[in-house]
Amino acid sequence: MDHPKSDSSGLSRRDFIRLGSAVGIGTALAGAALSSCAKEITTQPGAAKVGPIDNVRLGIVGVGNMGSAHFQNFLRIEGVEIVAVCDLVEDKVKRMQEWATKAGKPAPKGYYQGETDFKRMCAEEDLDLVFAATPWNWHVPVMVEAMKNGSHAATEVPAAPTIEACWEMVETAEKYNKHCVMMENVCYMEPEMMIYNMVQQGVFGELLHGEGAYSHDMRNNLLGSAYEGDWWTHEVIARNGNLYPTHGLGPIAQCMNISRGDRFDYLVSMSSNARGLHEYANEHLGPDHEFSKTKFNCGDINISMLRTVQGKTIYLVQDTNLPRPYSRINLVQGTKGITQGFRDATHANLVHVEGLSQSHSWEPLMNYANTYKHPLISQMEDLADGAGHGGADFIEDYRLIYCLRNGLPTDMDVYEAADWSVVSNLTEMSVANRSQTIDFPDFTRGQWKTRKPLGIIHV
Ligand SMILES: NC(=O)c1ccc[n+]([C@@H]2O[C@H](COP(=O)([O-])OP(=O)(O)OC[C@H]3O[C@@H](n4cnc5c(N)ncnc54)[C@H](O)[C@@H]3O)[C@@H](O)[C@H]2O)c1
């Protein structure tokens, strides 16, 4: 996703289309036809089994663009105590301490003595949860250290850049019985949540196909020092594949019950030439700039096709280095209908449901909001108003804390973190070998057959 307050994702708060009145936290679920099969689950094979934690003592590692946005959210969530904050940059740590004091909370202890100072934080502090919002290569080292020291772990996306790191994350979570959550905020956006609700209620029939993307002109970010030490730019220089798959893939995988009744079987992937960043650097930074002389390894367009063991197909795109409007495609299709987002500048989702929509025609997805608006959105939209990514970042943070405080399995657990994130490494392998078919590891070791769908969550 884009940065929290930015509007280039097209999902500002105004885009939360309001149909029907919002209700407060803890009031009756409004606007959703809840069937018994769609109820929220309370246990899950493979997930950590832990009792409620009334007061969640939190440490945050990495407080740049996203970490600072989560910090802000956690400051206003009941039952969270931000105990420690860690970053390479002392000023960023100090800024968080000031924010806490201004909010009338104690300043968290600061850690800023280099790349592995998070280890000291995990050892010294009594933490229930450690949240990693660092560059990708640090997510797993931070989470593993947290879990070994007795904390649960959460991370920004993608959770892990390699197959090995995915396994390490899974094995550590299992060994220490800890929650290990990848925070995929797109799963908490209003259209995605409504589509999940509709899928669970059978509106689209049997699902067969999905399409997702991270299509976002990031040239200005990647070449304009938007990330500390240009870490993301260096990933694009070094690697070639779909490096950032989870925003487009996550909501579709949830609809398809991946790792909960189905699982990814194999993928094929190919990348185009890399031209966009080189041209942009020359034009905007001048021919003498280091990025104008750099070879960017990652193809401007990466396209992949995934197949599940139950026979569903997914088309997935990464497209970040060329001029273009934002899109995640967000298409889900079944035997009874189809929905797709981002078809025009409004980004509104469209839908076609057999027997309800006019033949061969799209209609606005929100025509169905009275019946299928997700109860979590109804409950939380006012409280989330103004938070990053149309409020979704606040809802995901709130829901994580809600699960910990109520002893519930988290909405996404370590298997989803691994299944969705490993796509980046598998696409690299396929691209490097003439689009060879690459098998997915089964991180659940067979448990995907008995693990239950998420159901319709609420707070
Ligand atoms: N969910 C979304 O919508 C979304 C949007 C943007 C970025 N992200 C993800 O958030 C994460 C962070 O991205 P960002 O845009 O905030 O980048 P950023 O560069 O602004 O922030 C990363 C921070 O981590 C710090 N850091 C680096 N190594 C560290 C270490 N070893 N220990 C402690 N701190 C360390 C850096 O100093 C920096 O402040 C990435 O995983 C990225 O993919 C998610």
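Which domains does the domain assignment of the protein chain give?

## Domains

The model is predicted. Its domain assignment gives domain 1, covering 39-185, and domain 2, made up of 186-377 + 413-449. Taken over C-alpha atoms, the centres of domain 1 and domain 2 are 25 Å apart.

## Contact between the domains

On the domain 1 side, 26 residues are in contact with 26 residues of domain 2. H5 and S6 each supply at least two residues of the side of domain 1 that touches domain 2. The largest share of that side comes from H5, with five residues.

By class, the residues of the side of domain 1 that touches domain 2 are 19 nonpolar, six polar and one charged.

## The sheet

Six strands form an open sheet with parallel pairing. The strand order is S3-S2-S1-S4-S5-S6. Strand S3 (109-111) and strand S6 (180-182) stand at the edges; each has a single partner strand, so one side of each is left without a neighbour in the sheet. From one strand to the next, the twist averages 20°. The edge strand S6 is also among the elements that supply at least two residues of the side of domain 1 touching domain 2.

Within the sheet, strand S1 (residues 56-61) runs parallel to strand S4 (residues 129-132), and four bridges join S1 to S4. Leu58 has Leu129 in S4 as its bridge partner.

## Packing of H4 and H5

Two packed helices are described by the angle between their axes and the distance between the axes. For helix H4 (residues 136-148) and helix H5 (residues 163-176), the angle is about 15° and the axes are 10 Å apart. Angles under 35 degrees count as roughly parallel, and H4 and H5 are therefore roughly parallel to each other. The crossing in which H4 passes H5 is left-handed.

Which residues of H4 meet H5? They are Val140, Met143, Val144, Met147 and Lys148. Their counterparts in H5 are Ala165, Glu168, Met169, Thr172, Ala173 and Tyr176. By class, the contact of H4 with H5 has eight nonpolar residues, one polar residue and two charged residues.

How values were computed. Residues are numbered from 1 along each chain as its sequence is written. This is a predicted model: local features need pLDDT of at least 70, side-chain atom pairs count only at pLDDT 80 or more; totals for chains, interfaces and linings use all residues. Axes are lines fitted to C-alpha atoms, for helices over the stretch in contact, and angles run from 0 to 180 degrees between N-to-C directions. Angles under 35 degrees count as roughly parallel, over 145 as roughly antiparallel, 65 to 115 as roughly perpendicular and the rest as oblique. A crossing is left-handed if the near helix is turned anticlockwise from the far one by less than a right angle, and right-handed if clockwise. Two residues are in contact if their C-beta atoms, placed from the backbone, lie within 7 Å. Ala, Val, Leu, Ile, Met, Phe, Trp, Tyr, Cys and Pro count as nonpolar, Asp, Glu, Lys and Arg as charged, and the others, Gly among them, as polar. Two strands pair if DSSP finds at least two bridges between them. Domain bounds come from an automatic or database domain assignment.
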